[in-house]
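Hi,

Here is the structure I promised to pass on to you. Have a look at it first, and then read on for my notes on what turned up.

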Amino acid sequence: MNNQGVESPSSGSDTSEQSNWLDVEPDVEVIEVVSFFDALTFTTLPEMLQHCKQQHDFDLIQVIQRLQLDFLGALKLVNYVRSQVKSGIALPSEIFYEDIEDDRFLKPVLENDAVIFSLDEVLGPTSDTGAETSSTVHELDSDLQKKNKYLEAELSSIRESFANYRLAVEQTLNRRWGVNDVPVPSANTKEKDSSAYYFESYAAHEIHETMLKDAVRTDAYRDFIYENKHIFKDKVVLDIGCGTGILSMFCAKAGATRVIAVDKSDIIDKARENVFNNELSDVITCLRGSIEDVELPVREVDIIISEWMGYCLLYEAMLPSVLYARDKYLKTDGLLAPSSATLWIAPVKDEAYISEHVSYWRDVYGFDMEAMQEGIYDEVRIQAMPTSSLCGRAYPFKVLDLYSTRPEDLSFTTSWETELRDDTDDPDGFIIWFDNFFCPCKSEPVPEPAVTPDRWAVASPGHIAFTTGPDGIETHWKQGLLLTDPRKSSQIHSTSRRLSGQITFAAASDNARALTISLKWFAGREERNQSWELK
């Protein structure tokens, strides 16, 4: 074999050998991370972020964590910041998701932006990115510890409330069975947290099944949302007390660009699951907590929707939370759904009901069980009464315009009056119900009490309304029945059929979510007073 011209490994030019080896050496890539706010460059992302934090008071990681951004969200945030700086526009004091949601921020502002290539260092669960990242992780750990302490305290409160609830049941049974002389140890000397009972009650599935199957209620919300899709399209909606998430999902299907669903009850876990299973997680954000305590990821919302109504409208005291959110988050021209409500009172006379539910206890298989009548004249009974039981004219004693109502307006005393039928001497009691109205236009006047829900619904496109009164389809709210105590008054023998007086709604003294209803009325020359508790 002719080896001429072929150099052995040990021969030839050293320079040529070194050149050959240098040719196969890989180039060392120098990463340049460009600052957000100036022309300075850094070799690592943490160094650049530290510079921006110290010199320009901007913490990228803090914003990502506060807005709970995924990779695409963080990408938009980076490009948003660079776009603002490039245009000479100062960043807002606090960045919200709505600032960065435009898809144009998916396009890099800076070509080959090393920050974008290094986002995994910020988003990843584990990352050794220097002192700044370690400091941030430490801060996050500290925040998680605080949250854990808060959750532990909340769990302790729930356990305490449950213990008090068991105690209250035991005391009630003891009192009713005449064993008040048996001392019952206190579960805890701390004041009972009535709100814990309220939120815990809404964690049960049965109550949500009842509400969802109330077609009058659920259809009204669905119809208002779907018949006004042009109002919900591309809007940010806040759903307070979202429960299973049904209203939030209606809004998302109607075209809302973002829906924030808030509930303090454990049902929020089911809502989040429902949202995920219906592939709406990209639109609906579920937050656990009361609206007064949670931090929304937006500054303001276009629409607040909430099913806040309780028995006799104001039982459970959820409306103050809606008013709080209205004042803090709703845009000046934003909408409330529902927008107004009217409370009604009417006298009732129903001998069949009295016989079956009151007189019945005085002769049960020959035994007098008067003890079972305890509280029957002191407590509001939730009952669907037939229209035939009305023995006088209904009176609208309170109209709530949700755009102007203040929390202090929810405890009130106001006048009322009615005219009894000629065949009625003394009513067995009174019933209270409410009508609800949904209006697609904030500037439209609140409907007058004379305008029935049926008339309102056909008066203009987009109008929706319903009644919980005896002349409508039965709802889960039914009516609040206030039975008058016959032992406190003689029969009314007056030629006047007119009753007039005052009605008072107030929070119960021992439970802010409970309700005390008091009536004072005159029939002829006789004055009557009575109060009922709704707990």
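Let me start with a charged pair: D269 and R272 meet through their side chains in a salt bridge, with 3.4 Å from N to O. Please keep in mind that this is a predicted model. The two residues sit 3 apart in helix α14, so about one helical turn separates D269 from R272. D269 counts as partly exposed because its relative accessibility is 36%, and R272, with a relative accessible area of 37%, is partly exposed as well.

Is each partner buried or exposed? K349 is partly exposed at a relative accessible area of 28%, whereas D428 counts as buried at 17% relative accessibility. The other is formed by D368 and R362, with 2.9 Å between the closest N and O atoms. Here D368 is partly exposed, at a relative accessible area of 47%, and R362 is partly exposed too, at 40%.

Next, the parallel sheet. In what order do its strands come? The 5 strands are arranged as β5-β4-β3-β6-β7 in an open sheet, with parallel pairing. β5 (284–288) and β7 (330–337) are the edge strands; each has a single partner, so one side of each is left without a neighbour in the sheet. From one strand to the next, the twist averages 20°. Within the sheet, strand β3 (residues 236–240) runs parallel to strand β6 (residues 301–306), and 4 bridges join them. If you want a pair to click on, L238 has I304 as its bridge partner in β6.

Helix α14 (residues 267–277), the one that carries the D269 and R272 pair, packs on this sheet: α14 touches β4 (258–263) and β5, and its direction makes about 165° with that of β5. Helix α15 (residues 319–329) lies across β3, β6 and β7 and runs at about 155° to β7.

Now for the rings. The structure holds 20 aromatic pairs. For F412 and F505, the ring centres are 5.2 Å apart and the planes lie at 15°, so this pair is stacked. F412 is in strand β11 and F505 in strand β15 (residues 498–508), 93 residues apart, so to speak a link between distant parts of the chain. Both F412 and F505 are buried. F434 and W477 make a contrasting case: their ring centres are 5.4 Å apart and their planes are at 75°, so the pair is edge-to-face. This pair, too, links distant parts of the chain, with F434 in strand β12 and W477 in the loop between β13 (464–467) and β14 (479–483), 43 residues apart. F434 and W477 are both buried. Ring pairs also join them to others, in a cluster of Y221, F224, F232, F434, F438, F466 and W477.

Two charges over rings may interest you as well. K229 lies over the face of Y226, 5.1 Å from the ring centre. R258 has its charged end over the ring of Y97, at 4.3 Å from the centre.

Finally, take a look at β14. How many of its residues are buried? The strand is mostly covered, with 5 of its 5 residues buried. Q479, L481 and L483 point one way from β14, while G480 and L482 point the other way. Strand β9 (residues 381–383) runs antiparallel to β14 and is joined to it by 3 bridges, with Q383 standing opposite Q479. β12 is also antiparallel to β14, joined by 4 bridges, and there F430 stands opposite L482.

Methods. Residues are numbered from 1 along each chain as its sequence is written. This is a predicted model: local features need pLDDT of at least 70, side-chain atom pairs count only at pLDDT 80 or more; totals for chains, interfaces and linings use all residues. Side-chain values use heavy atoms; hydrogens and water are left out. Two strands pair if DSSP finds at least two bridges between them. Axes are lines fitted to C-alpha atoms, for helices over the stretch in contact, and angles run from 0 to 180 degrees between N-to-C directions. Contact means heavy atoms within 4.5 Å. A salt bridge is a side-chain nitrogen of Lys or Arg within 4 Å of a carboxyl oxygen of Asp or Glu. Buried means under 20% relative accessible area, exposed over 50%, partly exposed in between (1.4 Å probe, protein chains only). Rings of Phe, Tyr and Trp (its six-membered ring) pair if their centres lie within 6.5 Å; planes under 30 degrees apart count as stacked, over 60 as edge-to-face and the rest as tilted. A charge sits over a ring if NZ of Lys or CZ of Arg is within 6 Å of the ring centre and within 35 degrees of the ring normal.
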